[in-house]
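Student: Can we go through this model together, one question at a time? I'd like to see how each answer is reached.

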Amino acid sequence: RYGSGKKYDGPVIGDVKLFENSGLTLTTAAVSGRPYTKTSLPQQFGGTGFLGEINGSRYPWNFNIDVRFDKRFGIKPSKDAKPLYANFYFRVQNLLDTRNVRNVYSASGSPTDDGFLISQLGQQRVQEVINTNRGVDAFIQQYNWRMLAPGNYFLPRRMFMGLMFDF
């Protein structure tokens, strides 16, 4: 952070103190994989039966960087008035747009594939669809769409701009 007045020690162009009353915050977080219990039998969007120990499997590591720049401006409407401060900020969450895994399917350990369609139960379900003369390609495509939808990833990069007033 840069201070103001005589405490300012940042770059100056002419009489303009570029970063007076401003600061930059960089927050990083690295999280080792949290534990989960792997299942042995894939079912639609999940699984049953334990495989290994309870909480014996791990999610992938996550790494994230957030950054925030802010600058504070003093506004004094009159000589005798108490000053009003405006703080402009720009914040970026997930600066590197990292695709961090929030959850996995317990049977496959994957955030995008539950392993059901390639399992014996899944192949039986596909055969049932074929036997009823419904479109098997549409069934598989819709099933795959559904697997991508449950929010197994944290949010992508997001940017915020705002203004706060202190009085």
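Student: How many aromatic pairs does the structure hold?

Tutor: Keep in mind that this is a predicted model, where local features need pLDDT of at least 70 and side-chain atom pairs count only at pLDDT 80 or more, while totals for chains, interfaces and linings use all residues. Residues are numbered from 1 along each chain as its sequence is written, and side-chain values use heavy atoms, leaving out hydrogens and water. Rings of Phe, Tyr and Trp (its six-membered ring) pair if their centres lie within 6.5 Å; planes under 30 degrees apart are stacked, over 60 edge-to-face, and the rest tilted. By that rule, the count of aromatic pairs is 5.

Student: What is the angle between the planes of Y2 and Y8?

Tutor: A pair of aromatic rings is described by the distance of the centres and the angle of the planes. For Y2 and Y8, the centres are 5.6 Å apart and the pair is tilted, with the planes at 50 degrees.

Student: Is Y8 buried or exposed?

Tutor: Buried means under 20% relative accessible area, exposed means over 50%, and partly exposed is in between (1.4 Å probe, protein chains only). Y8 has a relative accessible area of 10%, so Y8 is buried.

Student: How many residues apart are Y36 and Y59?

Tutor: These two tyrosines form a tilted pair, 4.9 Å centre to centre with 35 degrees between the planes. Y36 sits in strand β4 (residues 35-36) and Y59 in the loop between β7 (57-58) and β8, so the pair links distant parts of the chain, and the separation is 23 residues. (Strands are DSSP runs of E, at least two residues; helices are runs of H or I, at least four; both are numbered from the N terminus.)

Student: Which strands stand at the edges of the open sheet?

Tutor: The sheet has 4 strands in the order β3-β8-β9-β10, with antiparallel pairing; two strands pair if DSSP finds at least two bridges between them. Each edge strand has a single partner, so one side of it has no neighbour in the sheet: these are β3 (22-31) and β10 (158-166).

Student: What is the bridge partner of A29 in β8?

Tutor: β3 and β8 (residues 62-75) pair in the antiparallel sense over 10 bridges. For A29, the partner in β8 is N64.

Student: What arc do the buried residues of α1 fall within?

Tutor: Helix α1 covers residues 120-131, and its buried residues include G122, V126 and V129. An α-helix has 3.6 residues a turn, so residues three or four places apart point the same way. The arc is that of the directions from the helix axis to the C-beta atoms. In α1 the buried residues line one face, because they fall within an arc of 55 degrees.

Student: Which exposed residues does the face of α2 turned away from its buried side carry?

Tutor: In α2, F139, Y143 and M147 are buried. They cover an arc of only 70 degrees around the axis, so they are on the same side of α2. These buried residues pack against β5 (39-43) and α1, where contact means heavy atoms within 4.5 Å. The face turned away carries D137, W145 and L148.

Student: How far apart in space are N87 and G135, C-alpha to C-alpha?

Tutor: N87 lies in strand β9 (residues 84-93), and at 10% relative accessibility N87 counts as buried. N87 and G135 are 48 residues apart in sequence, and in space they are separated by 58 Å.

Technical notes. The expected span of a helix is 1.5 Å times one less than its number of residues.
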